[in-house]
Amino acid sequence: MKKPVAAKTSSAKEAGNASPSKLIDGRIKELGDWRGAMLARVRGLIREADPDVVEAWKWRGVPVWEHDGIICTGETYKAVVKLTFAKGAALADPAGLFNSSLDGNVRRAIDIREGDKVNKKALQALIRAAVELNVSKKKPGKRSS
């Protein structure tokens with residue numbers, strides 16, 4: 001199995017000179033509980049599924065993974081780690097991972113609770129499908145993320 005390559009980063013305007021990857025590292029450490037461990041786990045799965053993923057830090061502290069557009073965000077709340085897929089409604093989800101934000105026309109989310117197991121194969125398939133969708137919608141001449 002190929003070892004994941006360190007993710008590329010985009011600029012972090014509001015966070016001084018720290019890179020988005022360092023800011024995500026900090027969030028994981030700061031949480032210090034199951035949510036930090038889960039955020040680190042899904043981050044690793046995202047990087048493994050798409051070695052060209054770009055990490056960003058947006059909206060005053062939300063980890064974001066991009067490839068020719070947003071793939072998903074990784075928000076942490078008291079009871080869940082929420083992966084929100086920007087174009088989730090357009091993605092096939094045969095494993096039924098999406099369990100939140102199901103009534104919108106665009107986004108879909110996966111709420112992961114303490115003790116939940118992550119279906120690695122299904123999550124990585126969703127990541128790759130989101131990347132494929134972003135790449136297919138890319139406008140000519142637009143710089144990739």
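Select T73 to start: this residue sits in strand β4, residues 70-76. Helices (H or I, at least four residues) and strands (E, at least two) are DSSP runs, numbered from the N terminus. The model is predicted, so local features need pLDDT of at least 70 and side-chain atom pairs count only at pLDDT 80 or more, while totals for chains, interfaces and linings use all residues. Residues are numbered from 1 along each chain as its sequence is written, and side-chain values use heavy atoms, with hydrogens and water left out.

**Stop 1: around T73**

Is T73 buried or exposed? T73 is buried, because its relative accessible area is 8%. The cut-offs: buried means under 20% relative accessible area, exposed over 50%, and partly exposed in between, with a 1.4 Å probe and protein chains only.

Now show the side chain of E75. A polar contact of 3.3 Å links it to the side chain of T73. A polar contact is a pair of N or O atoms within 3.5 Å; within protein, one must be able to donate a hydrogen and the other to accept it, and residues adjacent in sequence count only if both atoms are side-chain atoms.

Next, show what surrounds T73. Neighbours within four places in sequence aside, T73 is in contact with W59, V62, P63, V64, W65, K82, L83 and T84. Contact means heavy atoms within 4.5 Å.

**Stop 2: strand β3**

Select the strand. β3 is mostly covered, with 5 of its 5 residues buried. In a regular strand the side chains alternate between the two faces of the sheet. Look along β3: V62, V64 and E66 point one way. P63 and W65 point the other way.

β3 and β4 pair in the antiparallel sense over 3 bridges. Two strands pair if DSSP finds at least two bridges between them. For one of these bridges, pick W65; its partner in β4 is C72.

**Stop 3**

The hairpin of β3 and β4 has 3 residues between the strands. Most residues other than glycine have a negative phi, and most peptide bonds are trans. D68 is not a glycine, yet its phi is positive, near 55°. D68 counts as buried because its relative accessible area is 16%.

**Stop 4**

Select β2, residues 54-58. This strand is mostly covered too: 4 of its 5 residues are buried. Pick K58 and find V62, its bridge partner in β3. Then pick W57, whose partner in β3 is P63.

Is W59 buried or exposed? W59 is exposed, because its relative accessible area is 54%.

**Stop 5: R41 and helix α2**

Select R41 in helix α2, residues 34-49. R41 is partly exposed, because its relative accessible area is 39%. Which residues does R41 touch beyond its neighbours within four places in sequence? V118 and K120 are in contact with R41. R41 and K120 are 79 residues apart along the chain, but their C-alpha atoms are separated by 9.8 Å.

**Stop 6: helix α2 against helix α3**

Show α3, residues 120-137, alongside α2. Two packed helices are described by the angle between their axes and the distance between the axes. Here the angle is about 55° and the axes are 9 Å apart. That makes α2 oblique to α3. Axes are lines fitted to C-alpha atoms, for helices over the stretch in contact, and angles run from 0 to 180 degrees between N-to-C directions. Angles under 35 degrees count as roughly parallel, over 145 as roughly antiparallel, 65 to 115 as roughly perpendicular and the rest as oblique.

Colour the interface. From α2 come R41, V42, L45, I46, E48 and A49. They meet K120, L123, Q124, I127 and R128 in α3.

**Last stop: the whole chain**

Zoom out. The protein chain has 3 helices and 6 strands. From the N terminus on, the elements run β-α-α-β-β-β-β-β-α. Of the 145 residues, 45% count as buried. Among contacts between residues at least 6 apart in sequence, 53% join residues at least 24 apart.
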